Structures are given as C-alpha cells and as structure tokens.
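Me: I am new to this structure and would be grateful for a close look at one part of it, the surroundings of the ligand.

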Amino acid sequence: MPDPAADTVLPDPLTTLTLAQLRERTSAKWRRYDADVLPLWVAEMDVELAAPIKEALERAVATGDLGYASGTAYTEALAGFASRRWGWDVSPGQMTTVADVITGYTDILCLLTEPGEQIVVNPPVYPPFYSYLKAAGRRIAEAPLTEDLRLDLGTLEEAFASATAGGHSAAYLLCNPHNPGGTAHTREELEQVAALAERYGVRVVADEIHAPLFYAGETFVPYLSVAGGERGFSVMAASKAWNLAGIPAAIVIGGTKAQDDLARYGNSAHHGPTHFGTLAQTAAYEHGEPWLDALLPSLDRNRHLLATLVEEHLPGAVYRLPAATYLTWIDCRGLELDVDPSAYFLEHARVALNSGPTFGTGGAGHVRVNIATHPDILTEAVRRMGASTHRG
Ligand SMILES: Cc1ncc(COP(=O)(O)O)c(C=O)c1O
C-alpha cells in the first residue's frame, strides 16, 4: 500500500514549537536547569512527534494495547529502512531486540569479555561509553581521535595490542557516526578497523544509533557491511532520529559470523523493550522517512547557522561542521575560559551545554552543543555565550 504521507511536504519540525511551549515539557532537557537557562545539552530534540508515531501510540492507548512486546515487526521495519536508506540488506534473523542501546552494547561487550578485561573507546566520546562498562567491571582503554575527530588507526592498533597482551579477550566500542562532533567514518577507515580487529582478535561493537542522521551528501557506512566486519555487532534504534528517548527500544544486529554469540545473548536474563517503545520505533522506521526528510534540511540549516554564530560571537573558538548528528562539538580553548567551559557558560550566559571533560581525553576546553532546536533559540544562546566572554 503506498504511504499516504510519502508525497506530502511536511513543515519544518524545528520551528513548530515556541519557547513557551517547550518550557512546559517535563523531560530532562527542559527541567534540569532553571527556567532562565536555554538548554542545548542532552540529546532530545525540540520537535513534535512525527504523525505516524503519534498515531501508533494513540492507537495503543485507545485500545489498551499495552501488554508485552511481541513479533518481528520492529526488526523487519529496521531491515526495510536499512535497505531503502543505505542500500544495506540485512536479515531480521540476524537481529534481536533489547531494552535500549546502552543495555545492548553493555550486554554484548560483557558477553565478549571477562571482568577486568579491556574495552577500547575513541575519546572524546559519549560519556556512557565509560560509566556502564566500568560498573560492569570492564577496564576502558582510550584510543583518542585525531584533532579533527577522525579515527587514528595507529593509536587504535596500539590500544588493541596492549588490550590483548597476555592472551586477554578485548573488544572495541565504535561510535558510528561519532558522538560528539558527527564524524562519518569512511568505508576505507572501517575496513582498516576490521582488519586490525581481526589481526588482534578484538571484537567490534558499533553503536549506530545516530545512523539515520546523515546530512545530504554524506554517507553512512554500516560497520557490518564492510569487508571483514562479519564478526562484529551493531546496535541501532530509531530513538535519536525521531526523538523517542523516553520510550526506548533497540536492536542488536550480529554480523554473519557473530550469530553463535548472538544466540548466546538471546538466552540473556534481561527483559526486552516495552511494547509501547517498540510500537513507536517500528512506526518510525516504517513510516517516518518523510518526517526525517523534513528534519534533516532544518538541522542542516542549523549546523551552518552555528558556524556563522561562532564566527560572529565566539572568535577564537573552533567548530567543524558535523557530517551527521545534531550533537556538535566546539573547541573553546582559544577563549581561555577554563577546563570546563560549560560551567562558565551556565553561570555567565545561562546556557546549558554538555561538559567537554566528561567525554574523556580530548574533552577539556570543549563543549557539546545540541543544535536540534529552533534557530532563534540557537541564535540567542550563542549570542549570550559571546556576550558572557566580554565580561570585564
Ligand atoms: C552514541 C549514543 N548511544 C546511545 C545513546 C542512548 O541510547 P538509549 O537511550 O537507547 O540507551 C545515545 C544518546 O544520546 C547516544 O548518543
């Protein structure tokens, strides 16, 4: 059946809500800080729900369809989306559902390593790449990105060699695309990663939650689609691209040579995702592309707007256009504020950003800025940040 929304031009999702409406929200982004603070931090978007998702949730509420999740609609929806969007044919049989992405990568990494063994990550990186794995008794080994936020294969090889020394198992948690800063890893880079992983016997788990959020002209390369990536895993969800963080439901995909491990994971003691979350994320992958295609140009406008704003209001700061994601990264070291400029901007500009140092090595002097907001809010936030740096 043709999708009735497919040919409709949807309104810009980032300009439909006013600041007053957003301040009514009760989620973390809008409630963590005082009401005079402009929040550009956690990965929530200032958008209304895409219509097909809203309909799916309303239907479930109206009919009391709120039991346990069942069936294969979600994994089939992801397989369809992957094929249409990325030309990647992956079988739903290679997938299993899981409560959320963090649970998915933590569980798989714990399946592949023993307590005390090492997980390699590429800082600066999403802070929960450290916290949950440390809590699970794993050691985190850092292989920092280069200054321009690209994978450094020499450093990665050193980390693989050291993590596997003495015959230990080790794994690598790749962020594809990278949060923060939105680096798109190329097929060549990922093939080199896969070759290194094979050479050292390191298992790769790719967090690909931001994969639908590539800007026009940029290409998402699924890790499992690269030559040599067959023993890897990917963890995906619709939650970042369609703003469903409050009702997560994720999918772990095993590479074609990782199916035995995936079967072992299938026996894990964890509860799966909620039915409500699964319905929402299924609707997103199945019917949410027109909405995503309306969102991406407005995020694109904001990523360019931020470049202009930084140049005008924060001379000395360095911002590189992200290739993907709304989670941008600004190097504020030239502003000589502090090791944690987010604390300065919160106090003096009343703008909430994510603190660079929490992203590990390379995070000092940086802030993460979430641009998934109204352009007027973004403009006012950076104007305030600029004004705060001129204090006497
Ligand atoms: C790279 C990355 N992984 C995982 C998550 C969280 O996913 P979930 O809420 O499904 O655990 C986020 C949220 O921002 C993220 O940026």
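**The ligand and its surroundings**

Reply: An oxygen atom of the ligand lies 2.8 Å from a polar backbone atom of Val101, a polar contact being a pair of N or O atoms within 3.5 Å (within protein, one must be able to donate a hydrogen and the other to accept it, and residues adjacent in sequence count only if both atoms are side-chain atoms). Taken alone, the ligand exposes 400 Å², of which the protein buries 92%; these areas come from the Shrake-Rupley method with a 1.4 Å probe. The model is a predicted one, in which local features need pLDDT of at least 70 and side-chain atom pairs count only at pLDDT 80 or more, while totals for chains, interfaces and linings use all residues. Residues are numbered from 1 along each chain as its sequence is written, and side-chain values use heavy atoms, with hydrogens and water left out.

A polar side-chain atom of Asp207 is 2.6 Å from a nitrogen atom of the ligand, and an N or O atom in the side chain of Lys240 is 3.4 Å from an oxygen atom of the ligand.

Val101, Asp207 and Lys240 belong to the set of residues that surround the ligand, which also includes Ala43, Asp100, Ile102, Tyr126, Cys175, Asn179, Ile209 and His210.

Definitions and conventions:
Near = heavy atom within 4 Å.
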